[in-house]
Amino acid sequence: MAASERDILRSELRWSVVVGGAVTVIVAAVLYAALALHVNPPSNIETIDPKTLHLSDEFTEANLGTKVEAGGQVTTRIVTTQFAFDPPCVIVPANEPVTLRLTSPDVIHGILVAGTNVNTMIIPGYVSQVHTVFTKTGDLLMPCHEFCGLGHSQMWATVRVVPRESFRPDAEGRVACEKP
Ligand code: CUA
């Protein structure tokens, strides 16, 4: 028996309710992630010459790692490269705003910090910047999560989150993991 026009209309209405509901759930999930969990796509567009990172002001070897800036802002600078992080361990204070700034001299890498909202790609020619607050203390794993070559699976670093009282910058405002 052929469906009547009325049946077709009802079927279409039913499906529009299902699809409308699904769209509402997805949009609500996106808004919840963005507004409540602070999970947002990276939006920092800042260029840098990947060929001269080691000569630039900011990403020279001596300026990498964590530094308390003049205004009190804690900034951690990291160079990601095939197949290591420089430095391989960084210290950050808990429950305080921290800015991570990362760049790459070679290929695209990606990082996340386990158990936090830190997750970004690192693209040669750009500075990736993430603002976050680490709430749990301890050693967090920061692996490269973008396939970057044969050593990709060995590419990871440690983010050591310490209580504010144990976060002791030196005279220059720098804090580094002790050398093994
Ligand atoms: Cu760097 Cu994968």
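These legends accompany close-up views of a predicted model.

**View 1. An open sheet of three strands.** The strand order is β4-β10-β9, and the pairing is mixed. β4 (89-93) and β9 (138-143) are the edge strands, each pairing on one side only. From one strand to the next, the twist averages 25°.

**View 2. The pairing of β4 with β10.** Strand β10 covers residues 156-162 and runs parallel to β4, with five bridges in the pairing.

**View 3. The largest nonpolar core.** This core has 29 residues. Phe-85, Phe-134, Met-142 and Val-159 have the most contacts inside it. At least two core residues come from each of β2 (74-81), β4, β5 (97-103), β9 and β10. Another core, of six residues, lies apart from the largest one. Leu-53, Phe-59, Leu-64 and Val-79 are among its members. In soluble globular proteins, nonpolar side chains tend to be buried together.

**View 4. The surroundings of Phe-134.** Neighbours within four places in sequence are left aside here. Among the residues in contact with Phe-134 are Val-92, Ala-94, Val-98, Leu-100, Val-113, Val-118, Leu-140, Val-159 and Val-161. The contacts also include Asn-95, Glu-96 and Thr-116.

**View 5. His-109 in strand β6.** Strand β6 spans residues 109-112 and holds His-109. His-109 counts as buried because its relative accessibility is 0%, and buried means under 20%. Beyond neighbours within four places in sequence, His-109 is in contact with residues including Thr-80, Thr-81, Gln-82, Ser-104, Met-121 and Ile-122. Cys-144, Glu-146, Cys-148 and Met-155 are also in contact with His-109.

Key. Residues are numbered from 1 along each chain as its sequence is written. This is a predicted model: local features need pLDDT of at least 70, side-chain atom pairs count only at pLDDT 80 or more; totals for chains, interfaces and linings use all residues. Side-chain values use heavy atoms; hydrogens and water are left out. Two strands pair if DSSP finds at least two bridges between them. Helices (H or I, at least four residues) and strands (E, at least two) are DSSP runs, numbered from the N terminus. Axes are lines fitted to C-alpha atoms, for helices over the stretch in contact, and angles run from 0 to 180 degrees between N-to-C directions. A nonpolar core is a set of buried Ala, Val, Leu, Ile, Met, Phe, Trp, Tyr and Cys residues joined through side-chain atoms within 4.5 Å. Buried means under 20% relative accessible area, exposed over 50%, partly exposed in between (1.4 Å probe, protein chains only). Contact means heavy atoms within 4.5 Å.
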